[in-house]
Amino acid sequence: MNDQTSQQNKVCKHEAGAIVPVINRNKCEGKADCEVVCPKDVFIMDILPKSERSTLSLIGKLKGMAHGWQQAFMPNIDACEGCGLCVSACPENAITLKKR
């Protein structure tokens, strides 16, 4: 086991899927810091669908337009072990963790 894998195993201590990230769409600017730090490949960057944009606040819409609607998505959310690295890495404080 390499040092990076060993460190990730120490940080990620919850059962996969028990604790999951929640993204605040009004804050996310799609900078991909969460994607980079996640040891379980939970996140990808993609374009927020038009159908979801209408629920954003005015500030969220302005941020969305400014960043090309790029945001974080979690196609592998069940792999999350709640390490919190994504929460710490997000410069917009757009991610929180919750129990499932």
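Good morning. What I am showing is a predicted model, in which local features need pLDDT of at least 70 and side-chain atom pairs count only at pLDDT 80 or more, while totals for chains, interfaces and linings use all residues. Residues are numbered from 1 along each chain as its sequence is written, and side-chain values use heavy atoms, with hydrogens and water left out.

Let me begin with the overall architecture. The protein chain contains five helices and four strands. Here, helices (H or I, at least four residues) and strands (E, at least two) are DSSP runs, numbered from the N terminus. In sequence order, the elements of the protein chain follow the pattern α-β-α-β-α-α-β-α-β.

The protein chain has an accessible surface of about 6,100 Å², and carbon and sulfur atoms account for 51% of that. For single residues, buried means under 20% relative accessible area, exposed over 50%, and partly exposed in between (1.4 Å probe, protein chains only). On that scale, 37% of the 100 residues of the protein chain count as buried.

A contact, in what follows, means heavy atoms within 4.5 Å. Taking contacts in the protein chain between residues at least 6 apart in sequence, 77% join residues at least 24 apart.

I move now to the strands. How many bridges join β1 to strand β4? There are five, and the two strands run antiparallel; two strands are said to pair if DSSP finds at least two bridges between them. Strand β1 covers residues 19-23, and four of its five residues are buried, so β1 is largely enclosed by the rest of the structure. Strand β4 spans residues 95-99. Within this pairing, Pro-21 stands opposite Leu-97 in β4.

Thr-96 also belongs to strand β4. With a relative accessible area of 45%, Thr-96 is partly exposed. Leaving aside residues up to four places away in sequence, Thr-96 touches Val-20, Pro-21, Val-22 and Val-87. Thr-96 and Ile-23 are 73 residues apart along the chain, yet their C-alpha atoms are separated by 6.8 Å.

Next, the cysteines. A disulfide is defined as a pair of cysteine sulfur atoms within 2.5 Å, and by this rule the count is zero. Cys-34 is buried at 6% relative accessibility, and Cys-86 is buried with a relative accessible area of 6%.

Cys-28 itself sits in the loop between β1 and α2. Cys-28 is buried, at a relative accessible area of 8%. Residues up to four places away in sequence aside, Cys-28 touches Ile-23, Gln-71, Ala-72 and Ala-94. From Cys-28 to Lys-63, 35 residues along the chain, the C-alpha separation is 8.1 Å.

Leu-48 deserves a separate mention. Leu-48 lies in the loop between β2 (44-47) and α3 (50-53). Is Leu-48 buried or exposed? At 1% relative accessibility, Leu-48 counts as buried. Its contacts, not counting residues up to four places away in sequence, are with Arg-25, Arg-53, Leu-56, Trp-69, Gln-71 and Phe-73. Leu-48 and Gln-71 are 23 residues apart in sequence and 6.2 Å apart in space, C-alpha to C-alpha.

Two of those contacts, Arg-25 and Phe-73, also concern each other: Arg-25 lies over the face of Phe-73, at 4.4 Å from the ring centre. The criterion is that NZ of Lys or CZ of Arg is within 6 Å of the ring centre and within 35 degrees of the ring normal.

Finally, I turn to backbone angles. Ala-32 has phi near 75°, a positive value in a residue other than glycine. Ala-32 is in the loop between β1 and α2 (33-37), and is buried at a relative accessible area of 17%. Asn-93 has phi near 55°, again positive in a residue other than glycine. Asn-93 is in the loop between α5 (85-89) and β4, and counts as exposed at 53% relative accessibility.

Thank you for your attention.

Notes. Accessible areas come from the Shrake-Rupley method with a 1.4 Å probe; for residues, only the protein chains shown count as cover.
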